[in-house]
Amino acid sequence: MARKTSFYYSFLVLPAEQRGAIIAVWDFCRAVDDAVDEEPAVLAGLPSGRAAVAFWREELARAFDGGAPITAQGRRLQPFIATFGLPRQAFEDVIDGVAMDLDTTRYATFEDLFEYCRRVASAVGLICIRIFGCTSARACDYALNLGVALQLTNILRDVGGDLSQGRVYLPLDDLRAFGCTVEDLAAGAVTAPVRHLIEFECRRARDFYQRARTALPPEDRRKLVAAEIMRAVYFETLRRIERSGYDVFTARARVPRPQQALIALKQWLWPA
C-alpha cells in the first residue's frame with residue numbers, strides 16, 4: 001500500500017489481519033481498475049481492455065472456487081475470502097463498474113452515474129465492512145452512501161484529468177440545467193454556469209456524506225473507524241474544492257499528508 005494514497009492512514013489503525021485483508025482487497029480492485037487502461041496492464045504483463053474484464057472474472061472465480069489464482073493479487077486475496085466471508089457479488093459488481101468505462105464516456109442522468117458509483121465504490125465498501133466485522137442493514141446503508149460520496153468527490157477532483165481522456169462523469173442533465181456545456185468544462189474556466197454546476201455537485205456529495213453519517217450504527221462506530229478516517233479525509237478534499245471557488249481545473253485538490261495524519265488521529269481518538 002503506497003503512502004501516497006488517501007487510504008494509507010485509515011489502514012494503519014487496523015489490526016494486522018484486517019489490514020492484510022483490506023490491502024489484498026484494495027490491490028485486487030486496483031488491478032481490475034488498471035486493466036481498462038492499456039499502459040498499467042501491459043507494464044504488469046496482464047491483459048488490458050475487454051480481454052482484461054474476462055481475465056479478472058476468471059481470476060475471481062479461481063480465488064472463490066478453490067482454484068489456483070495466477071496473479072499475485074488473486075493469491076493474496078484468496079485466503080481472506082473464507083476468513084471474513086467476503087461477498088463474491090460485490091467483487092463482480094466492481095468488475096462490472098470498471099467494464100462500464102470501456103463503453104461509457106458520458107452519463108445522461110444522475111441515476112446512471114449512481115449505478116456506476118455503486119459498482120466501483122460502494123461495492124468495495126460492502127466488502128470492507130465484512131472485514132471490519134459489520135453485517136447489519138445499517139452498516140450496508142453506510143457503505144453504500146459513503147461509497148457514492150467518495151466517488152463523487154473523486155469525480156469532482158478529477159474533472160480536468162477526465163476531460164483530457166475524453167470522459168465527462170458529471171451528468172449531462174445537470175450540465176443542461178445550469179446552462180453549461182462539455183465545451184465550457186473543456187475550456188477550463190470557472191464561469192458562472194460552471195461554478196453553479198460544480199457547487200451543485202458538491203452539495204450532492206455532501207448529502208451522501210450526511211446519509212452515511214446518519215446510517216452509521218452507533219454500536220459499530222469503533223469497528224468502522226478506518227472507514228470514518230477515509231470519510232473525513234475525502235470530505236476535506238471536497239471542502240478544498242469548495243474553498244477554491246469550485247475551481248477544479250487549475251490544480252487537483254488534495255489533502256497534504258501531515259493533515260491526513262492529523263485527521264486520522266482525531267478520528268481515532270474522538271470518533272464522532
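The points below are grouped by topic, after a note on the model. The model is predicted, so local features need pLDDT of at least 70 and side-chain atom pairs count only at pLDDT 80 or more, while totals for chains, interfaces and linings use all residues. Residues are numbered from 1 along each chain as its sequence is written, and side-chain values use heavy atoms, with hydrogens and water left out.

**Asp174**
- Helix α10, residues 172-177, contains Asp174; helices are DSSP runs of H or I with at least four residues, numbered from the N terminus.
- Asp174 has a relative accessible area of 9% and is therefore buried (under 20%, 1.4 Å probe, protein chains only).
- Leaving aside residues up to four places away in sequence, Asp174 touches Leu197, Phe200, Glu201 and Arg204 (heavy atoms within 4.5 Å).
- A distance of 8.7 Å separates the C-alpha atoms of Asp174 and Ala108, which are 66 residues apart along the chain.

**Cavities**
- The whole structure holds three cavities of 30 Å³ or more; a cavity is a set of points on a 1 Å grid over the protein atoms alone where a 1.4 Å probe fits but cannot get out.
- The largest cavity has about 60 Å³ of space, a volume being the space filled by probe spheres set on the points.
- Among the residues lining the largest cavity are Ile155, Asp162, Arg167 and Leu185; lining residues have an atom within 4 Å of a point.
- Helix α9, residues 159-164, gives the most to this lining, with three residues.

How values were computed: Helix = DSSP H or I, 4+ residues; strand = E, 2+ residues; numbered from the N terminus. Buried < 20%, exposed > 50% of the residue type's maximum accessible area, 1.4 Å probe, protein only. 1 Å grid on protein atoms, 1.4 Å probe; cavity = no way out; pocket = protein on both sides within 12 Å on 5 of 7 lines; lining within 4 Å.
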